[in-house]
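Me: I'd like to learn how to read the way two chains pack against each other. Could you walk me through it with an example?

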Amino acid sequence: MMLLQEGLNLGEMILHHTADGCELWGQPIPGCHLRYPVDFSLGPTRHGILLVLAALLVFISMWTAGRSVARAGAGKPARGFAGAVEGLVLWVRNDIAIANIGHDGARFAPLIITLFFLVLYCNLLGLLPHMATPTGNLAVTVALAVVVFLVVEIAGFLKLGPKGYLGTIFMHVPGLHGAPAAILSIALAPLEMLGKLVKPFALAVRLFGNMTAGHFVILSLFGIVFLFGNLGLWSYGIGVTTAALVVAIMGLELIVALLQAYVFALLSAVFIGLMQHEH
Amino acid sequence: MTTMLLMLAQEAEHGTAGAPTPFAVNSGLIIWTWIVFVTLLFLLKKFAFPAILKATEDRERTIARQLDEAEQANTEARRLLEENRRMLAEARAQSQALLAEAKAAAEKERSGAIEKTRHEQDEILARARREITAERDKALVELRREAVDLSLAAAAKLIGQRLDGPADRSLVERYLASLEKAN
């Protein structure tokens with residue numbers, strides 16, 4: 001135990017870094033009064049401000065890309081960053097939205113594209129120094145999942161009509177008629193309703209868990225440096241090894257950031273599509 | 001490692017007492033997220049997506065229109081082909097019918113002509129036969145009268161008197177008739 005540095009609370013450091021807070025870039029946020037674990041205030045917090053920043057960056061990227069694409073003219077591809085954004089937008093629109101929703105996919109494409117880019121930018125923000133991950137906050141992911149839930153149910157209701165929508169709660173069991181079918185469909189109704197809620201719940205928890213866990217790993221690896229800080233020359237070796245590990249995990253996190261944005265958008269599209277084609 | 005876990009466990013206990021934790025729920029942030037998301041969606045829909053997606057959507061519309069047109073052209077071509085085929089079949093049937101009719105008419109004409117010729121031939125033959133018979137009868141009567149005259153003249157020369165009374169004449173005629181009967 002002599003090897004370890006005294007007075008270091010690694011767990012507190014990790015939780016402090018991944019939790020929402022009232023200071024940003026070393027400055028306290030004015031008007032922020034955050035209480036744990038449940039808070040009802042509407043004041044600005046670190047994650048809230050970074051969420052707005054991510055949204056701003058998404059808007060600036062899209063806006064400049066749109067201008068470049070429009071300037072490039074018809075039939076000519078946009079170059080550079082605008083070309084990349086256009087490619088990503090079209091990929092999300094065609095291969096995520098339209099591929100999973102079907103004919104109406106183009107109508108939902110703006111929603112899916114916005115979800116994808118907002119989540120992606122939030123995920124990536126957390127990998128930058130002095131930043132935090134808004135999508136590593138349950139409030140943000142739950143809010144986005146609620147948006148998806150509302151879109152799925154309302155769009156489903158509008159598409160299927162009252163009778164068709166009720167059919168998604170009171171399922172008709174194939175091969176059954178009369179009283180047994182009615183009893184079974186009523187008995188299964190709670191399950192169906194639970195299923196509707198579980199989908200967005202999983203969406204929210206998956207994104208939150210992936211983002212938070214990634215930061216836990218990186219911070220824990222960094223923690224090793226501090227933990228073994230009094231090893232003399234050996235601490236250099238530990239520092240180099242830890243840095244290499246962190247670089248590798250950072251690369252993994254980069255992939256996870258992209259992957260989770262993709263998964264969030266894809267599953268949203270799949271849920272919308274499932275509801276649209278429920279008969 | 002055990003120390004770290006211990007610290008984390010301690011921290012978790014502290015978390016419930018008000019220390020920062022990522023598992024906290026901030027309901028205010030939920031509302032902020034909705035506001036940010038809806039605003040971003042609205043702004044992107046208004047200022048960014050039309051420009052980025054316009055070219056693609058235009059292209060999609062063009063392709064859809066071209067597909068429609070190709071479909072229409074295909075249907076039209078198929079209809080025309082069907083009509084052509086139908087008309088060809090009709091024309092063929094018509095020509096067949098005409099040919100058959102012409103053949104029947106020719107056949108009828110030919111058999112009619114043959115019949116007529118045969119009929120005329122028969123008529124000519126019958127007339128010729130009738131004329132021959134009449135000529136022969138006439139010649140026979142003439143011959144008979146000549147024979148009677150000659151016989152009477154010869155007999156008169158023999159007996160030296162004139163034999164031209166009706167009684168003599170009927171005698172010779174009776175004789176000739178008996179000769180004819182004997183023949």
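Reply: Happy to! Start with angles: they run from 0 to 180 degrees between N-to-C directions, and helix axes are lines fitted to C-alpha atoms over the stretch in contact. Angles under 35 degrees count as roughly parallel. Keep in mind that this is a predicted model. Here, H2(A) and H2(B) pack at about 5 degrees, their axes 8 Å apart. H2(A) is therefore roughly parallel to H2(B).

Me: Which classes of residue make up the contact of H2(A) with H2(B)?

Reply: That contact has 21 nonpolar residues, four polar and one charged.

Me: How do H5(A) and H2(B) cross?

Reply: Their axes come within 8 Å and cross at roughly 50 degrees, so H5(A) and H2(B) are oblique to each other. The crossing of H5(A) past H2(B) is right-handed. On the H5(A) side, the contact is made by A:Ala139, A:Val140, A:Val142, A:Ala143, A:Leu144 and A:Val147. H2(B) brings B:Ser27, B:Leu29, B:Ile30, B:Thr33, B:Trp34 and B:Phe37. By class, this contact of H5(A) with H2(B) has ten nonpolar residues, two polar and no charged ones.

Me: Now the whole interface: how many residues of each chain are in contact?

Reply: In general, the size of an interface is often given as the accessible area lost when the parts come together. Counting residues instead, 55 of chain A are in contact with 40 of chain B. On the side of chain A that touches chain B, H2(A) gives the largest share, 14 residues. By class, that side of chain A has 33 nonpolar, 15 polar and seven charged residues.

Definitions and conventions. Residues numbered from 1 in each chain as written. Chains lettered and ligands numbered in written order. Predicted model: local features only at pLDDT ≥ 70, side-chain atom pairs only at ≥ 80, totals over all residues. Contact = placed C-beta atoms within 7 Å. Helix = DSSP H or I, 4+ residues; strand = E, 2+ residues; numbered from the N terminus. Nonpolar A, V, L, I, M, F, W, Y, C, P; charged D, E, K, R; others polar. Parallel < 35°, antiparallel > 145°, perpendicular 65-115°, else oblique. Left-handed = near helix turned anticlockwise from the far one by under 90°.
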